[in-house]
Amino acid sequence: MDSKRKGSLFYFGERILLGTDGIVTEPHSHYAVSILVSLRGSFHLYTNHNVEIETEGIIIPPNFYHRLDGSNSEMVIIQLDPKSEEYKRIEMDQSPKTIDGDTRSKIIKIANPLFDDTLTCDSARSLYNQILSLLGSKTNPKKYDERIEMAIQRIKEKIPNPVTLLELSEISGISTDRFMHLFKENMGIPLRQYLLWQRLHIAAKLLQGGENLTTASHAAGFSDQAHLSRTFKKMFGVKPSLFLGGQSLSKVCFCED
């Protein structure tokens with residue numbers, strides 16, 4: 001039997017394109033939308049009620065608690081920000097959405113370069129866009145409260161520097177309690193978890209620039225490398241080493257946004 005093919009990871013700011021073989025995660029949830037397509041074999045999702053979903057292609061909505069067992073699957077995985085322009089192309093509710101066989105077949109036909117070490121940042125971005133274009137027509141984006149839009153903008157301007165709840169409530173013009181409620185209502189996760197999510201992306205950009213994991217951890221606002229690793233594992237279900245190459249991947253590229 002042939003050995004497992006090594007895949008590649010391309011990181012575009014808050015977007016991930018990954019080809020991997022045999023991925024298994026611990027139970028987790030995260031802010032990103034996840035798109036999973038198997039190139040061979042089915043994989044299994046287990047929900048927070050331990051409901052088992054066996055499939056060959058699925059879109060997982062943001063903040064959906066699950067465990068992935070792709071131990072017998074070669075997979076393409078995309079993760080993207082649910083507030084992004086790309087997400088407007090995907091019609092779905094708050095439950096996982098199965099990808100039909102015809103769409104999956106089209107994705108399989110174009111996804112092989114993720115496993116043959118030929119992709120560059122530009123060609124990987126093209127593949128990412130092709131896959132998304134196969135998943136549905138553009139839809140009207142979800143409308144977020146303008147006060148939360150203002151707060152998100154402030155967070156992205158200041159992070160990795162500290163951002164306080166009081167500061168965000170003041171620019172939003174509402175009380176801290178009301179802001180916390182409105183933020184979770186709009187974003188689906190508490191403010192603290194969203195800030196950690198943003199810090200993970202800061203750390204990734206620093207790694208792109210050649211910093212080591214320890215330096216990147218401190219610069220992104222984590223107390224130490226262990227704090228970054230724990231946060232990463234809680235949100236992605238795997239250790240950050242999976243996304244930093246080694247034995248599991250042949251190529252890891254941190255591309256510009």
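## Ground rules

Helices (H or I, at least four residues) and strands (E, at least two) are DSSP runs, numbered from the N terminus. This is a predicted model, where local features need pLDDT of at least 70 and side-chain atom pairs count only at pLDDT 80 or more, while totals for chains, interfaces and linings use all residues. Residues are numbered from 1 along each chain as its sequence is written, and side-chain values use heavy atoms, with hydrogens and water left out.

## Salt bridges

Side chains of opposite charge can pair when their charged atoms come close. Here the structure holds 10 salt bridges (a side-chain nitrogen of Lys or Arg within 4 Å of a carboxyl oxygen of Asp or Glu). Let's start with Glu-56 and Arg-104, whose side chains meet in a salt bridge at 3.0 Å, N to O. Glu-56 sits in the loop between strand S5 (52-55) and strand S6 (57-60) and Arg-104 in helix H1 (residues 101-111), so this pair ties together parts that are 48 residues apart in sequence. As for exposure (buried means under 20% relative accessible area, exposed over 50%, partly exposed in between, with a 1.4 Å probe and protein chains only), Glu-56 is partly exposed at 35% relative accessibility, whereas Arg-104 is buried at 12%.

Lys-106 is partly exposed at 40% relative accessibility, and Asp-102 is partly exposed at 49%. Over in helix H3 (residues 146-158), Glu-157 and Arg-154 are 3 residues apart, again about one helical turn, and their side chains meet in a salt bridge of 3.9 Å, N to O. Glu-157 counts as exposed at 55% relative accessibility, while Arg-154 is partly exposed at 27%.

## Asp-69, without a salt bridge

Asp-69 lies in strand S7 (residues 66-69). Asp-69 is buried yet has no salt bridge, and the nearest side chain of opposite charge, Arg-67, is 4.9 Å away (Lys and Arg count as positive and Asp and Glu as negative; His and the chain ends are not counted).

What Asp-69 does have is a polar contact of 2.7 Å between its side chain and that of Ser-71. A polar contact is a pair of N or O atoms within 3.5 Å; within protein, one must be able to donate a hydrogen and the other to accept it, and residues adjacent in sequence count only if both atoms are side-chain atoms.

## The seven-stranded sheet

An open sheet of 7 strands runs in the order S9-S6-S3-S8-S2-S1-S10, with mixed pairing (two strands pair if DSSP finds at least two bridges between them). S9 and strand S10 (249-255) stand at the edges with a single partner strand each, so one side of each is left without a neighbour in the sheet.

Take S6 and its two partners. Strand S3 (residues 33-40) runs antiparallel to S6, and 4 bridges join them; Val-37 has Gly-57 in S6 as its bridge partner. S6 and strand S9 (residues 97-98) also pair in the antiparallel sense, over 2 bridges, with Thr-98 in S9 as the bridge partner of Ile-58. In S6, Gly-57 and Ile-59 point one way and Ile-58 and Ile-60 the other, and all are buried. Elsewhere in the sheet, strand S1 (residues 7-12) and strand S2 (residues 15-21) pair in the antiparallel sense over 4 bridges, and Tyr-11 has Ile-16 in S2 as its bridge partner.

## Helix H8, end to end

Helix H8 (residues 225-236) has 12 residues and reaches 16 Å from its first C-alpha to its last, close to the 16 Å expected at 1.5 Å a residue (1.5 Å times one less than the number of residues). At its start, a side-chain oxygen of Asp-224 reaches to within 3.2 Å of the backbone nitrogen of Ala-226. Just after H8, Gly-237 takes a positive phi of about 80°.

Which residues of H8 are buried? They are His-227, Leu-228, Thr-231, Phe-232, Met-235 and Phe-236. Seen down the axis of H8, these buried residues fall within an arc of 135°, so they line one face of the helix (the arc is that of the directions from the helix axis to the C-beta atoms). The face turned away from the buried side of H8 carries the exposed residues Arg-230 and Lys-234.
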